[in-house]
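Please read the points below with the sequence and the model at hand.

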Amino acid sequence: MIRTLIAPNPSLMTLDGTRTFVVGRERPVVIDPGPIVPVHMAAIDRALDGVAPVAILLTHAHQDHSEGALPLAHSTGAPVMMARGALLSLIYDHEIARWLADGDEVETDAGPLRAVATPGHAPEHLGFLWNGDTLFAGDAFMGGSDTTLVAPPEGDLAAYLATLDRVGELAPSVILPAHGPPIEDAAAAVERYRAHRMERIEQVVRALRAAGPARPAEILDAVYGAALHPGLRIAAEGSLHAILAYLRAADRVRALPGDTYTLTER
C-alpha cells in the first residue's frame, strides 16, 4: 500500500534524491511530491493510475519536497495540506486547502495518516504516522545517517531535540525519511541521533574552550574536521550557529560583537 518514488535530484544534501510516497490506491495520498522534474512528475502520475489523491501532504515547504505540489494539485484537483509556520516557501497561504496541526488525521483507503509536529529542521515540519507503526519523517531523519540539517533561520536545536523525544515516545517500528533508505530500527535511530547531536554540542564547547572567543567559521575544522567536504561547509557552519544559539539559551555561551562567541565559564 506504500509506493516509493525517488526524484532524480541527488546531491550532498538530498543524498540519492527526494522520496515521494504514495499511500493507498483507491483513496491515496501523496506525501512530498518533490521537485518539478518531468520524469518524476510522470512517475507520480503512473503510480496514481488515474485516481485523484484525497490529499497532497507536505512534511515542510522546502523546494525539494514541495515544488511539485501545486502542479499536481492543478492536474488532479487534490488539496494541498501542510502545517503553518514556514519561513521559506514557494506556496502562498491561499493555495493551502487545509492547515494541519499536531494530531490531525487524513483518511485513506489504507488507513489514516496522523500529523505529528516534528519541528527542528523547519518550524512547520510534520511527520505522518501510519497505522501507529510507520513514520513518514521528512527531513527529521536521513536514511543511512545519524544526523540531519538543523540550521538558522529555520532550524532550532532545542525544538529538534524535543522532536527526537517525541518520536521516541511514539515508538514507530519503521521510519521512512525523505532522503535515504528506510530506518528499520527506529528506537536505535532516535538514540543514535540524540547521542550524535549531544556530542556535537560538547565538541563546540571544547573548541571554544581551546580557541577562546571565536567565530563559527574559526572553530569549524575543530568540530567537523579539516576533511569535511567543501560542499558541506556552509551547512556545517549553519549547524554551528544552531548549536551556539542552543548554548546561549542555556547560558553556557555568550555572544560578542562580530559574530563571535565565548564560553560563560571555563
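The numbered points that follow take up the strands, the helices and the cores in turn.

1. The model is predicted, and the remarks below should be read accordingly. Residues are numbered from 1 along each chain as its sequence is written.

2. Two partners flank β2 in the pairing. Strand β1 (2-6) is joined to β2 by five bridges, and the two run antiparallel. Strand β3 (residues 29-31) pairs with β2 over three bridges, also in the antiparallel sense. Val22 illustrates both pairings: Arg3 stands opposite Val22, and Val30 is the bridge partner of Val22 in β3. The hairpin of β2 and β3 has five residues between the strands, and there Gly24 takes a positive phi near 95 degrees.

3. Thr18 belongs to the loop between β1 and β2. Is Thr18 buried or exposed? Thr18 has a relative accessible area of 0%; a residue counts as buried under 20%, so Thr18 is buried. Beyond its neighbours within four places in sequence, the contacts of Thr18 include Leu5, Asn9, Pro35, Asp64, His65 and His179.

4. A separate topic is the open sheet of five strands, whose order is β7-β8-β9-β10-β11 and whose pairing is mixed. Its edge strands are β7 (105-106) and β11 (174-177), each of which pairs on one side only. Within this sheet, β8 (residues 113-117) and β9 (residues 126-130) run antiparallel and are joined by five bridges; Val116 has Gly127 as its bridge partner in β9. Helix α4 (residues 157-170) lies across β8, β9, β10 (134-138) and β11, and runs at about 145 degrees to β8.

5. The buried residues of α7 include Ala235, Gly238, Leu240, Ile243, Leu244 and Leu247. Among the elements covering the buried residues of α7 are α4, α5 (186-211), α6 (216-224), β12 (253-256) and β13 (260-263). Just after α7, Asp251 takes a positive phi of about 60 degrees.

6. The structure holds two aromatic pairs. One of them, formed by Phe141 and Tyr193, is tilted, with 4.8 Å centre to centre and 55 degrees between the planes. This pair links distant parts of the chain, since Phe141 is in the loop between β10 and α4 and Tyr193 is in helix α5, 52 residues apart. Both Phe141 and Tyr193 are buried.

7. Which residues touch the most other members of the largest nonpolar core? In this core of 40 residues they are Phe141, Val204 and Leu208. The elements giving two or more residues to the core are β10, α4, α5, α6, α7 and β13, and α5 gives the most, with nine residues. Not counting residues up to four places away in sequence, Val204 touches Ile219, Val223, Leu240, Ile243, Leu244 and Leu247. A second, separate core has 20 residues, including Ile44, Leu58, Ala73 and Ile96.

Note on methods. Predicted model: local features only at pLDDT ≥ 70, side-chain atom pairs only at ≥ 80, totals over all residues. Heavy atoms only, no water. Helix = DSSP H or I, 4+ residues; strand = E, 2+ residues; numbered from the N terminus. Buried < 20%, exposed > 50% of the residue type's maximum accessible area, 1.4 Å probe, protein only. Contact = heavy atoms within 4.5 Å. Pairing = 2+ DSSP bridges. Axes fitted to C-alpha atoms, helices over the stretch in contact; angles between N-to-C directions. Phe/Tyr/Trp six-rings, centres within 6.5 Å; stacked < 30°, edge-to-face > 60°. Core = buried A, V, L, I, M, F, W, Y, C linked by side-chain atoms within 4.5 Å.
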